[in-house]
Structure formats: C-alpha cells, structure tokens
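Subject: Structure handover

Hello,

I am passing this structure on to you, with notes on what was found in it. Please look through it first and then read on.

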Amino acid sequence: MEIQWPLVLFSLLAGTGGSLFAFVGLSEFLGGSSKVRDAGSIVAIALIVLGGCFSVLHLASPLHAISAVTNLLSFSGISIELMLLGANFVVMLAYILVRKRSNATTPVKVLAVLGIAFGLMLGFFCGHGYVIDAQPTWNSETLPLAYLGTSLACGAFLYGTIVALKGDEKEFGGKLGVFTLGAAVVGAIGLVAYVAFLGIDAASSQALVLWGGVVVLGIVATLVISGLGVFGGGKMPAIAVDVSGLVCAFVGGLAVRSLMWLCATGYIDLFSHTVPSVMMNI
Amino acid sequence: MAYGLLINLDRCSGCDSCIVACKLENDLPLGHFYNKVIALGPTGTFPNVEKYWLPSQCQQCRNPQCVAVCPTGASYRDEKTGYVLIDREKCIGCRYCMYACPYGVREFNEEQGCVQKCTLCSQITADGSGVPACVHNCNCGARFFGDFDDPESDVCKEMAKYPPEAIHSLPDPGDSQPVTRYILSPKFASWKELV
Amino acid sequence: MEKATISRRGFVKGAAAAAAALTAAGSVQLLEPAEEAYAAGSVERVMHKTACHGCTNCCPVRVYTEEGRVVKIEGDPDGPLNKGGICLKCLGQMQTLYSPRHVLHPMKRVGERGENKWEAISWDEAVDLAGEQIATAVEKYGPYAYWSARGGGGAYIEWETWGMDYTVGGCNSLASGACQCAMPRDFVSTTSVGFNCCVDMDNVDRFVGIVDNAELDGTRRDDSERVFVMWGSQPSASKAAHGGHGLADARSNLGVKSIVVDPYMTADAVKADVWLPVRPGSDTALLLAWIRYIIDTKAYDEEFVKYWTNLPFLVNPETKLPYKAEEVWPDYENPAADKNGVYDTPAYVCFDARTNSVQPFPFSAPEDSPVDPVPFTTAKVNGVESKTAGQIYWEEAEPWTLDAAAETCWLEADRIKEALDLYIGADWGGISGGVFSDHQECSSTAPLGMLAIDTLLGRIETPLSAYQNHGPASLTEDRPTSRLGAASTSFERYGLGWTAGLTKKENDRLLDDIVAGWDAKGRDGEEMRRYFFQSKCDTLGATAHKGIHQWQTCAPKELRLAITSGEPYRPRVMYEMSGNKYAVMGPALEWKKAYDQQDFIIQQYPNMTSFTVQSVDLFLPTTEWLEYDSYESPATHFNRHYARCHVTHLGETVNPFVSPYQVGKSVVEHLGAENCFDPDAFKVPFFESSDAARQAWAEQMGHASWDEMIADVDHRYTETPIDEYMVYYQYKDKVSDGLPRGFATLSRKVEAYSESMLRLARTGFPYMYPYEQEACEDYTPICVFKEPTESPLTDTEYPLVITTGRLPHFHHGTMRHAPFIREVMPVPELRINPQTAAEYGIEHLDWVKITSRRGSSHARAYLTQGIAPGVLITERFWNPECFDASQESISPGIEECGYNCMSADEFQNPCFATNSYRAFTVKIEKCERPARVWVESEQFQPLMPTLQNEPVTEEVF
C-alpha cells in the first residue's frame, strides 16, 4: 500500500507529544525544573495539535473531522485515537493552567499521573487501530508496541533537548539519561519485535527503510546515542546527544511506520490488480 | 434477511460482462470498479492444469469489519435486509474500512472523497423489483441474487442443486461471516483458499 | 408500443445527492423519502426491445431511453438462449453509440491520407462524389476498375456487395470473412450434407438438444450420455451470451460432457472433460487419427456408413469420381430414377458382400437395398482395380496411429484415446468446428475431416450433431435439392449454377427460364449470362481458387497483387462497407501498398478506424445498431429470429443497406443506364430508404408493415414451431417418390468423399454450369494432412508457432474505441508458457515484439501454463487512441498492435484462397510499450461518450 504520510506524521508527532508529556509528568515525581515542565508541556500540546492537523489531512476534507468527533462513541480505532488526543489535550491544558494559577500540588500530581497514562496510551493506541484481521502484516500487538516505543524514544530525547536548553543537571535526580536509555530500549524492543513479526524476508523487501531507517538509525544509533548519554562520561555535550538522538529516533519512528504501509498486503486483496482479468500466478 | 450474491463458477466463463454491466449501471468512471473478475490459474503444469474465475466484489458480511472500524457509522449493515452499504453523506474518507476489509473490494473515490463499493445495485433491488445488473446480464447465468436466509430464494435454490463440497466462501480471518457463496465442483477445479 | 415506466435512475443520476438518496435514510428499505423527491423530478423511462449487432448472434435486448437518450441496455430475459445475459460488446454500445468516434455526417478528406483531416459535407454531395468517382473509373478503365469490400460475420454488409459490383459489371468483392470465415465450412456442409450448417453457426441448439432431451426449461429428459466436441471453436468467447450460455446450461443442467481441441486453454477448455492442446496447424493429422481409430476399432455406425454415405461407392481411379452404375452397365435401369425427369437420384457402384461381386448400388432405404455394400475394400470395375471411397479414406488415415498423431500434434497418445473413447462411447455427440481452419491452409481439409468423423459415427441429423437441418422448409415433400451457396445470389440472377438433386434437363430448364426472363426485359439474356460467367472467370484468383464462388468473393492475395502489379488488371476505386481491413486482413502492410495505389476509396461505417484515417477519401456514416432496423441476421436464438428495431437516431447516419442504394443510383446517373451491366442490380440487396427496408423486412417476417411488427414490443421476432424446428433423422422419412428423403446432395447421400471438390476444380461446377471454367489442379476430396508451409518443426530463424483466437471483449475489429472494454482489455495479450518466456527473459506483463517474415507487432506477455512451450496465441488488435487529438503525433494505429502485420497470404488453401492468419512462425523479443498505446484506465478518457446530448434526428433517406 502507499505510505499514508498524514497518518505516519500524526501518529509519530502525537505519540511524541504524549511521551514528552509523560516525561513532564514523571518529573513531577522524580524532580526537575519548572522551566522544563513549562516548556515541555507547551511543546507537547503543540505536538499533539500538529499531529491532529496531520491526521485531518488524511481525510477527504478537513471538515469531515467534525463527523468523526460527533461519532466518538463508535469506539472504532479512530474514535479511540480521537478520545485519547482529546484527553491528552485536556490534561495538558489543565496541567499548564493549574500550574500557572495555583500552587496546590495535589491537582498537579493527579494531572501528572493522568498525563503519564494518557501520553503513553496515545503512543500505543495510534498503532493499535491498525491491528486488524484484514491486514496480516499489521495484525500483531508488536505494531502498537513499536509505535509506542518509537514515540517514547522521541519523547525522551525531546525532553532531554528541552532540559539541555532550559534545565539543569538535577533533572530526574540526575537520572534522566537512564530514563532516556530506557525509552530507547523500549523503542528498540518495539522495532525488533515488529520486524521479527513481519519476518526478515518481507521486511527486507524495503531494504533502505528497514536497514537504513529501522535498524541503523532507529535501533543502533538511537541505542548508542542514549548509551553515550549515560556512559559517555559527559564527553559529548548533552544538547548534541539529545538532538542527534531525537533525529535518529524520529527517523526510526518514520521508518517503521512506512514499513507498515509498504508491507501491507491485505488478507485477500482482490482489487489489487490494475487490469481486472490478469491472473494470479498461484 | 441476508441478501447477497451466489456465483456459480461451474458456469462462469470469465467474460468480464459483469464488470462493464456494473460500471454502466452505477455510473462509475474509468478506473473505478465495484467488481472485478480474477482468473485463478491455470494452476499445475501444462497440460495438466486447471483454472477458474473468481468474480470479486463486496462479500456482504454478516459481521462486517468495515462497519466495526468506521468512525462515523457511514459503513453500515442494514438490519432488515443485510445489505452492507456506505452512506456517502457520513463517510469522511478516512479509508479505515478499506484497510479493514479482508477482501480488498472497496475503493476510494477521490472526486467525492468517500469510499465506495458494490451496493447490490440497491437502486434496482431495494424495492424488490429487480436483480443487480451483474446478475441480470451475466452471460452464462452464473450469478444469482437473493436472501440466503430464505430457502425459496434464487440463491438457496441454486445452492440446493450442489453437494456441500462444491459450495465455498472466501476464507474469513476475523469472524466477518461473508454471506457471498461460490459454487465450484471439484470436476472443474479445486477451490483455492488464496491465503 | 414501447413500455414506459417511471425512472428511478433518472432521479438518481440527476440529483446531486445521488448515492445519498439510497442510503441517507439509513436503510434500503426506507426509500420513501427518496421516492417523494424523485416523483417531483422524474423522467419518463421508455423500454424498447431490439437485438444486438455486436457480433453475428443477434441477442435480444431491452433498451431504455429517457427523453430519447439511451440510458441502459440489458439482456432480454425472455430470450430463450441468453435469458437476460448479454456480453460486454453489447453493453459497450452504450458508449460507442455516443462515442466521439461515431461519425454523424458524411466526411470528405481534406488533408493527405493519414493526416486525419476532414470536411463535413452533405449526403447529396457525398453520394454525388461517390457516384462520380466510380463512374469515372469505369468509363476510363472498364468495369473491373471498381471493386467492393465487406466485413466478416457480424458486419452489416456481407455478400450483398454484388449488387453494387454488377450494377457496373465489376467482379471483385473483398471479404474479410468468407475465405477466412465460414465459407469453406459452408461449402463442405452444403455439398456434403445438402445444407449450410457452417458447422458451428448455430450449434448451441445441439448443445442443449432441445427436442427430445430437454425443453426450454432445461430439464433433462433422459440419462443418455451426450458429448460435444469443440474443435477450434470458442463459443464462450465468440458468442458468450448465446453459445456460452447454451453451453453452461448444457453442462450444468443436462450433464453434457465436452472435449475441446484447441492450442490454448480457452474458457471452454477450462470446463472440458478432455482438453487436447493441439499444435497449431497440425489439426488434420489429429482428425485423421480419429478417423483411423474409428475405422480400425470398427466403432463406426455400420448401417449409416453403408446406406447413407458415399463411402461404399467404388471410385474410378482415373477420374477419382465415383462410378455411376450406367458407366459399368450401360443398360442399367435405375429404380430410383424420377419418371418425370425432374429429380436426380443416381445409382452408383459398390462391392456387394452378399454376392461377393461388384454390383449397382441404387438409392433406397437400407432394408430395401438390393446389395450389402462393403465400405472399405478394393474391387475390379471394368477390369480396373478400384477402391471404395471408404478405402481411399482408410489408406489416407492408416499412417495416423495415436502415437503418430501425438508426435506430430504435440499431444499425449493416451489423452487422444481418452477423448476418442469418450466421444465414440457417447449416446449422442457432435463436433463444432470453429473458425480456426478458415485461417489456415487446411480450410478445406479440416471441415472434411470433421464431417468424416461424424459421418462414420452416424451423427448426422441426430441430437447434438452439427449437421442438422432446420425448420419446416427442411421437411421437403420431394427429394431435397440444394442450389449452390445461399450467398451466391448473383449466379442465380444471371442464370448460372447447378442445383443438386435436379436432373440436367430440369437444371437447364430453370436456367433457360432465367435467360428468357432477361430477354423479356429487353436485354440479351444469353449475353448477360456470358458476361457474368466471364467476369466470374476474371475475378481475381478465381481460376486457382474456385471455392470463392461460394460467397461471390475474390481471392485476397490475387486482388492485392493485381492492384500493386497492374496484372492482369488494376482495380482502382474501392467501396469499403466494413470497418478496419488493416486489423483483420494480413499481411496488413502489404495491403497498405495496395490501398495507397487506389484512385479513390469510399468507406461506410459507423465509426472511424485505422482504415479511415490511413486510406479513405470519402466517409459515409452509417448507423450504430441502436439506430438500425433490420431482419437480416442469419443467427437465431433456438427457434426465434429477432428483428433489430432502432431506438434512437443521431445526426445524419444512414442504414448501411440504404447508402449503397443511394451510391448505386448516383453511379447509374453518372454512367448512364445504357453503360451499366445491370443498372438495377443495386436495388436487389439494398434499399432506397429506411422505410423501404423496413417494409421489406416486415414482409419477410410475415407482417403487413414494420409499424405493425413493432407494435407488440414483446414479439419482435419470428418463431418456428418447436416441433418443426429441428427434426432428427429427417433423411429417413419417406417423400413423394416413395424413397427416404435422403440429403440434398448429388448422390442424395452424405458425401464424405467430396465429389464436388473435384468437379469444382475441373470445371467450376456447380457454380458455372452450364459453362465450364478453366481447370486447375484438383482439390483434395478428403481430409489430408499437410504440414503448414511455415512450421516450427523446421523453422530455425522463426522458431515459435503463433495462432490467434477470440476474446469475449471484441468481435473481429470492433469495440477498440469502447473505453470500458478497453480498460479491462487494454492491449493484446501474448499468451506464452513460462518456460518459453524464461528462454527470452520475458516476464509477466512485459511488452513483447513479435516478428514474422512479413512484419512485426507488439503485445503484452501473459504467462500461463495454459499453452504449450513454443506455442503463442494473441489477439488481433488496432489502437484508435493512436490518432486521438490528444496525441503529440498521430498514427493510424495499425502497426502498434497489429497482429495481421505478421500474417501471411503467400501460402493459401488451394480451394478457398484462405490466407494463413494462424499457425505461422515468429520470433519474439522483449520491448518497450509502443508509442501512443494506452494501457491505464484513465488514459481512455478521450474515448468516453460525448454525444449524449445530440438531438434525436429523422432519417436522411
């Protein structure tokens, strides 16, 4: 199937926004600077709005999005994505507003917990809608895992980038690198799992996407860079680590989503022949 | 009720008439189809080969996956008749139904921004006055239309002429329960599962 | 009159919310809101009944109009054979009727030939120009300067061209069919069994065996085993809704089994019980193997062979003709002789088993026969060692064991035996011989072979037999007679030709009456007859290929060479009454040289073709079939013969039977009646106006007027009572002379050994009687095998053998401009075995350049196990997109996918001048898509209908 770029960008941007906000939420518990939280939550909300805009581009007409919203209770894959997008938006907005207007910690912590949960769910469920019987190359929970993992890695590096720009070394009690590495590992696991599910034969039919995008950048480079952040002894500037990590993880995220579309076969794709009467060489 | 098509592949000669009859009746532009005819085979090695044609269109599932994934209710199955249809007014063109259809028999109409597919020629058949154009015009009398829940319907009467081993449906990966049936007697060719 | 209903479609298509109307209410059951809406804006929808003209088969259809515009075509469910089915050629008329290529006004070429530049002119001017050009050429160069051309089966105009030819005294009419379609089979059946069954023309009747086995309800009446053989015929492709439907019914409802002999796994081969993928060109070897097996295993019907065929006749080795009893016993008195001297029932000579001697063999019922003839033997007649016709056949077939045939035909001996045992063992059977042989050197021998098989098995006038006479007229009171081919009307008009079954005296009387009739009209009848005879001798190719008289055509190759060489004379002005000769006649590029040398070319046709663009000077637009009234089709649906009744009429299109009349009239005006050979000839097959045509056809249908006929929309056909439609074993019925009816042949028996073939070669008998045409080498009276001149067995330069066949999508050169058909079959497919494809590095859907000794063509590879390695099959094609205005530069669309650029006329069938359009050799290579050729659906947009809003107009004439 053709790569549906609006959907690819939507899921990765929104997922990254959700993951970024999950890190903002975590920092409420593990410690971090307010500036980073402020900046992170604003970037997160911007990302899910941007992602949402991309998703609308997939529709025949942007106005059609309203129909999807008015039929939210269909509990189709799209309506769950929409619900999560809305929930994230509301929680992020509330978090920003509450922090601006009050010093009460409990509502912030509650919103932080909700933000972590919704943020991660957004990453996951943006992929989960594709787990359908009719698409055997999508029909595995490894696919949403890869969606979540790549979103998480992007979110982690993005959070690190904001920290490098706005924060101090005490973020997450100095353990941010470990969490970033953890996110990169989840991302790598998701990628490996989905590629394994696809099978190396099918996946390598898209050699550049698989070997260049998913393996070299999405897995190896992302892991190495996040590893440098933890074990590199600070030889590499944090901004360099996080920005390069973000680029690699993002490309990895794009690559696995593209792979999903390119490897889609359909269960029995009866109309796939351009000339109707061309035989199937079975 | 479960209206749908029965296609007797013992009779089908792969003439493509149903494709053009459908396009003319439903005013489909070039490049758009509600049905296609796929030649399966010849399988085997010359001269020991066999072949049949598989006319393909919406399988009119009882539990359609296209309906399950539709975010707006545009894809729906009419409770009373069993027709699986698309309400173009409600369709937002997200194409999830196309991904979710196990048989790949829906297509996207760029111009109208919505997904379309076989309607069983509801403009002819809804009031019970006729049969779909592909059935009416089938050169070899291979296509039948009717209610699979009614033993007196054309489809059930034709099926009753054949033993169970000659009656097939497309494989069903997710309990879609396609209504469409194909008759293919082993003496002509063995049924290919396609998956 | 027509039936009117309120149109839902009119609403649906008109309303912007088209689909919503059906679905907005959320249920198909809830159409009421929509009904209200459309009641307000409804358009009256009128239902018409007519019959398709997309091919030969004349399927009944229902056509719907709204405000005069055709909005829908569907099969007529009352059609006894198609039962509502209709193929995409018929459906395609929705698009071709309103196609931008459907020409609505006469056009005169203004640019160079090939430039596709035209000027619209009036009919008056067009008819005048045509008449002037023909008259000028005739005045300057003589009558043979004019020649006509026509289509094959399914064309509007076929043998009727003679009417124009003999108005001026011309004698050459080029048919894309005839030599290449059905004429050889017509000759064989007419001279051998006494009627034209064209072997497969109407075979669906026999598939279903309606009379004793199943009525039209398709219920099986008995448990007899019925096996049908399709030998190079493809009913499911060439007559999908007609024969295809009949076959599907026969197989599914009646359990009829089938054997298919075809190099390609056709749709019918797919369903066959046995498929014999014979090597193209080797069929007669297989036929001889069947004949040998039947004789060798004594599987033949002994009584039928002895008493109803000429196989037991002893044959004079010198003349190769069967001895007549009087030749041996001059005083012999033939007990079957007609005392009145009208009917001729000769007595022959056989070897009698009862007396162990040579005896006279008069015609009688078997039980009354004085002899017990031995069909396969040799005996001394007048001291000369003579073989029976059966013996001659046996000796020809004897080398063709199953193994020998398997080797030559690239088959498995066991598979041949399986087919033979199935066919021989059946209670009833028949062979449908397709058009394949009419495209090869074996066009006379293959039908003879098929005839021999069913003659041996007694499958003549039996259920499923292709040799079945039809209708009440076949149930004659007297000894049946047969006058030439049904399409040789000019011979009859001018007093030539022998009627089989009549005595010489009676034949002479009939012909003299015709001559006297001309005398009575103030003409010299004998001079006219002489002129006609001489013109038929002068017809190009007529000396060597006398079989062409059967459909009053000329030999294509000899015509082509005469034009290009000027020898013996050069035809100069052509009136083409069909579509695209470049697509359907080969070698197309050689033909182009001939057309280029024409002074003036007139074409009448509904739409523009390659031929129009490349060669035509004056184009006369004729009707599409939805604008057309007629009752001319030879094809029936069981016992029904449908009329075509116009549904609309656009621009200035003219019924194709009317325009030649108008041109003929103009020719006579320009030339002066006194300078015409027969200034009324054009009035015989053609009509002055549509009204005149309708009146004539109405009368043929037994109605006082056309309006009376069409008044009842449900009965626009004639119907033969079912009990008179197809009577089996009619040859056994006693007739007026007290003898069984027998057959309308010279011997009154089935002439499996074709005496007519021999007499044709020697004197032009029966056509030229009472004159004798110059002799040529004898034509073989039986099936023989000849390896095609170009053979893959010996050709190292062109190692592959190619053949062609039919698709359901097109009939001959038609419908290439129908966009919905083209999108499902955009270009020709070269069916090729994967093993062969691999040898040439060709993959599925690669473009392939195919080259023969004559030229090249292109097709897309279609890899399939349904064809033998080394064998190729593809379709004839032409590409109207090549001269579309949207192209950067145009071509006439001949060479891009022109199969017939490759086919050959240098090797022909001797009797029928049949060209080799199949079974010649080629080489192949991978190539790029030819320029200008469209493949993708959207590319065909410029061919989509544009004339829907044209007003409905009155007839011009």
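**Chain A**

Chain A has 10 helices and 0 strands; helices (H or I, at least four residues) and strands (E, at least two) are DSSP runs, numbered from the N terminus. Along the sequence the pattern of chain A reads α-α-α-α-α-α-α-α-α-α.

Before the details, a note on the source: this is a predicted model, in which local features need pLDDT of at least 70 and side-chain atom pairs count only at pLDDT 80 or more, while totals for chains, interfaces and linings use all residues. Residues are numbered from 1 along each chain as its sequence is written, and chains are lettered from A and ligands numbered from 1 in the order in which they are written.

For 282 residues a compact globule would have a radius of gyration near 19 Å, and chain A agrees with its 19 Å. That radius is taken over C-alpha atoms, and the globule rule is 2.2 Å times the number of residues to the power 0.38. Along the principal axes, the C-alpha atoms of chain A fill a box of roughly 70 × 45 × 25 Å.

Helix α1 (residues 5-30) of chain A and helix α2 (residues 34-58) of chain A have axes that come within 7 Å and cross at roughly 160°. Axes are lines fitted to C-alpha atoms, for helices over the stretch in contact, and angles run from 0 to 180 degrees between N-to-C directions. α1(A) and α2(A) are therefore roughly antiparallel to each other (the term covers angles over 145 degrees). Their crossing is left-handed, meaning that the near helix is turned anticlockwise from the far one by less than a right angle. The contact of α1(A) with α2(A) has 18 nonpolar, 10 polar and 1 charged residues. Here Ala, Val, Leu, Ile, Met, Phe, Trp, Tyr, Cys and Pro count as nonpolar, Asp, Glu, Lys and Arg as charged, and the others, Gly among them, as polar.

The other pair is helix α6 (residues 142-166) of chain A and helix α10 (residues 238-262) of chain A, whose axes come within 8 Å and cross at roughly 160°. That makes α6(A) roughly antiparallel to α10(A). The crossing of α6(A) and α10(A) is left-handed, and their contact has 15 nonpolar, 7 polar and 1 charged residues.

**Chain B and its contact with chain C**

Chain B has 6 helices and 10 strands. With 195 residues, a compact globule would have a radius of gyration near 16 Å, and the 16 Å of chain B agrees. The contact between the two chains takes 44 residues from chain B and 54 residues from chain C (two residues are in contact if their C-beta atoms, placed from the backbone, lie within 7 Å). On the side of chain B that touches chain C, α1(B) gives the most, with 6 residues. By class, this side of chain B has 18 nonpolar, 14 polar and 12 charged residues.

**Chain C**

Chain C is divided into domain 1 (3-97), domain 2 (107-181 + 514-631 + 655-718) and domain 3 (800-943), with bounds from an automatic or database domain assignment. Between domain 1 and domain 2 of chain C, the contact takes 12 residues from domain 1 and 10 residues from domain 2.

Helix α13 (residues 283-296) of chain C and helix α17 (residues 402-409) of chain C have axes that come within 9 Å and cross at roughly 170°.

Regards

Notes:
Angles under 35 degrees count as roughly parallel, over 145 as roughly antiparallel, 65 to 115 as roughly perpendicular and the rest as oblique.
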